[in-house]
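Let's take a friendly walk through a protein structure. Have a look at the picture, then read the notes below.

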Protein chains: 2
Amino acid sequence: MPKKVDHDARRRQLTDAVCRLTLRGGLGSATFRQVAAEAGVSVRLVQYYFGSKQGMLDATQEHVGERSIERLMNWVEKTDGSARAVLGAFLKSFTPVDSESKMAALMYIALYTEGVVVAMGQPEANPTRKNEVDMMRQTVLEQLRRGPLAAGVDPEVEATLLTALMPGLGQYVLDGTMTAEVACATIDHHLDRLFAA
Amino acid sequence: MPKKVDHDARRRQLTDAVCRLTLRGGLGSATFRQVAAEAGVSVRLVQYYFGSKQGMLDATQEHVGERSIERLMNWVEKTDGSARAVLGAFLKSFTPVDSESKMAALMYIALYTEGVVVAMGQPEANPTRKNEVDMMRQTVLEQLRRGPLAAGVDPEVEATLLTALMPGLGQYVLDGTMTAEVACATIDHHLDRLFAA
DNA sequence: TCCGTTGTGGTACACATGTATCATGAAAAC
DNA sequence: GTTTTCATGATACATGTGTACCACAACGGA
């Protein structure tokens, strides 16, 4: 095999370009030509690595997801390990605080919007999203069950509520409706109510 | 002036076509030619009524917003007028239960996604969205203040939390992650906690 | 040394899109 | 009845898009 080339590094370089372009100008700006120009390579190359445009978008989505998980793990490791702290770190990792997480949240919104739309016609056609959200809810549920919870708190219902709270907070921080600090404070306030002092 | 024509009716006919097309196939399907074909008119006509494509999308957004408000008013009028009931009706009106509200939620997501993206670069460039969310939060806040609230409930913080909760619930119902019943039950559960029995 | 596989560039093609232009019908105003 | 103004139609145009095709460079194996 000729020409030793780190395939994964190349792919990451290209998906990074996709992210930067999407950040300014929206998903519509992520065209083959623009991506090639942004990454400083030829159109043929991005075509070579992803085959089709959908392949490019899929790879980008996957790449962003991996980085989000890494970021999440870092946040969780810095806690004292209590359910309250771990859950707070977990939820706050979905709030766009720096440029990195901003990009992640934005890519999440941009990429999944189309998915939601096309999934409307044929239900059960897009199982990836459902599984992801279920996993998120499951994680929240596990931490809630570790307790100690305040009296009368139902972990199942609260897990659903917390999971549903995240997209809205992310959106509002992104578009400037509220600051990241307010979003985090809202999370903390609610967690304080759920957990026993 | 010749040829009596109900301009508003025509515009509504066209924006309805935009909605139907967006429903299946996403916003990308809402092209001049497709809209014209869906509405059974010529391309020139839709061009005549909206000028540019952005004008068409803006008009659609406005149209969807008006219908959502009408629907909301209907829901609120059916309540007993208590703060708890009005707030419940208000929040549930954002949950996509039938095809009408599904379309509204989906158009909301599809149309505002681009707005969020372009607003990232220049903050304060998209005041419409912020004002809308602020108004929603203001409405929630007013109802919360009417009480009676449970002990230790801060209306300001709870208004923020409730406002942020809506987009997520809407999304999850749309993509099939949860049913509309679960979403409404989650809202009720939380409101029961906030309001004094 | 030569060869074949792999990586990369340049470019052409078919197509869809937004918009502009030209043309026509239709009805009110005079 | 003529004219003017509004509403609508058909179509042309420039552009940007995804993708396919052809050519070549580079490097590992024979």
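Helices (DSSP runs of H or I, at least four residues) and strands (DSSP runs of E, at least two) are numbered from the N terminus. Along the sequence, chain A reads α-α-α-α-α-α-α-α-α, which amounts to nine helices and zero strands. This is a predicted model, in which local features need pLDDT of at least 70 and side-chain atom pairs count only at pLDDT 80 or more, while totals for chains, interfaces and linings use all residues. Residues are numbered from 1 along each chain as its sequence is written, chains are lettered from A and ligands numbered from 1 in the order in which they are written, and side-chain values use heavy atoms, leaving out hydrogens and water.

**Confidence**
- The mean pLDDT (the predictor's confidence in each residue, from 0 to 100) of chain A is 85, and 88% of the residues score at least 70.
- In chain A, helix α9 (residues 180-194) has the highest confidence, at 95, and helix α6 (residues 99-121) the lowest, at a mean of 69.
- Where pLDDT is low, the predicted coordinates should not be read in detail.

**Burial**
- Chain A has 197 residues, and 47% of them count as buried.
- Buried means under 20% relative accessible area, exposed means over 50%, and partly exposed lies in between (1.4 Å probe, protein chains only).

**Salt bridges**
- Side chains of opposite charge can pair when their charged atoms come close.
- Over all chains, the structure holds 14 salt bridges (a side-chain nitrogen of Lys or Arg within 4 Å of a carboxyl oxygen of Asp or Glu).
- One of them joins Arg84(A) and Asp192(A), at 3.0 Å from N to O.
- Arg84(A) sits in helix α5 (residues 83-92) of chain A and Asp192(A) in helix α9 of chain A, so this pair ties together parts that are 108 residues apart in sequence.
- Arg84(A) is partly exposed at 23% relative accessibility, and Asp192(A) is partly exposed at 49%.
- A network of salt bridges links Arg84(A), Lys92(A), Asp188(A) and Asp192(A).
- In chain B, Lys92(B) and Asp188(B) form a salt bridge of 2.9 Å, N to O.
- Lys92(B) belongs to helix α5 of chain B and Asp188(B) to helix α9 of chain B, so the pair connects parts that are 96 residues apart in sequence.
- Lys92(B) is buried at 18% relative accessible area, whereas Asp188(B) is partly exposed at 22%.
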